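Reader: I'm new to looking at protein structures. Could we go through this one together?

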Amino acid sequence: MPNKDVFDQQYQNLNAEQKKAVDHINGPLLVLAGPGTGKTQLLSVRAANIIRKKKVSADNILILTFTNAAAGSMRKRLAKILGNS
């Protein structure tokens, strides 16, 4: 279960469009944006939000990235939000 304080802090740092994407918890979502726009952070917070609200296991969420580095970064960010770091 996500650490509410960490989740809330991360959520507050998002812009309005990113918050809409995080709040979309039913069904798939395609996020397209350029480098450095906060995609990794957005997807980490969204996954935590789905886990929090839908009570699903992280093992049931698929997030695709273009690089292993991005996947590692996302894994670390999600672990921080979930309290597993």
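Reader: What percentage of the 85 residues in the protein do buried residues make up?

Author: Keep in mind that this is a predicted model. A residue counts as buried when its relative accessible area is under 20%. Of the 85 residues here, the share that passes is 32%.

Reader: How many helices and how many strands does the secondary structure come to?

Author: Start at the N terminus and read along: the elements go α-α-α-α. The tally is four helices and zero strands.

Reader: Which element gives the largest share of the largest nonpolar core?

Author: That core has 14 residues, and F7, Y11, V22, V45, A48 and I81 touch the most other members. Two or more residues come from each of α1 (4-12), α2 (16-23), α3 (39-54) and α4 (68-82). The largest share is five residues, and it comes from α3.

Reader: Is K39 buried, partly exposed or exposed?

Author: K39 is found in helix α3, and it touches V31, A33 and G34, leaving out residues up to four places away in sequence. Its relative accessibility is 24%. Buried would need under 20% and exposed over 50%, so at 24% K39 counts as partly exposed.

Reader: What radius of gyration does the protein have, against that of a compact globule?

Author: The C-alpha trace spans about 30 × 25 × 25 Å along its principal axes. A compact globule with 85 residues would come out near 12 Å. The protein agrees with that, because its own radius of gyration is 12 Å.

Key
Residues are numbered from 1 along each chain as its sequence is written. This is a predicted model: local features need pLDDT of at least 70, side-chain atom pairs count only at pLDDT 80 or more; totals for chains, interfaces and linings use all residues. Side-chain values use heavy atoms; hydrogens and water are left out. A nonpolar core is a set of buried Ala, Val, Leu, Ile, Met, Phe, Trp, Tyr and Cys residues joined through side-chain atoms within 4.5 Å. Buried means under 20% relative accessible area, exposed over 50%, partly exposed in between (1.4 Å probe, protein chains only). Contact means heavy atoms within 4.5 Å. The radius of gyration is taken over C-alpha atoms; the globule rule is 2.2 Å times the number of residues to the power 0.38.
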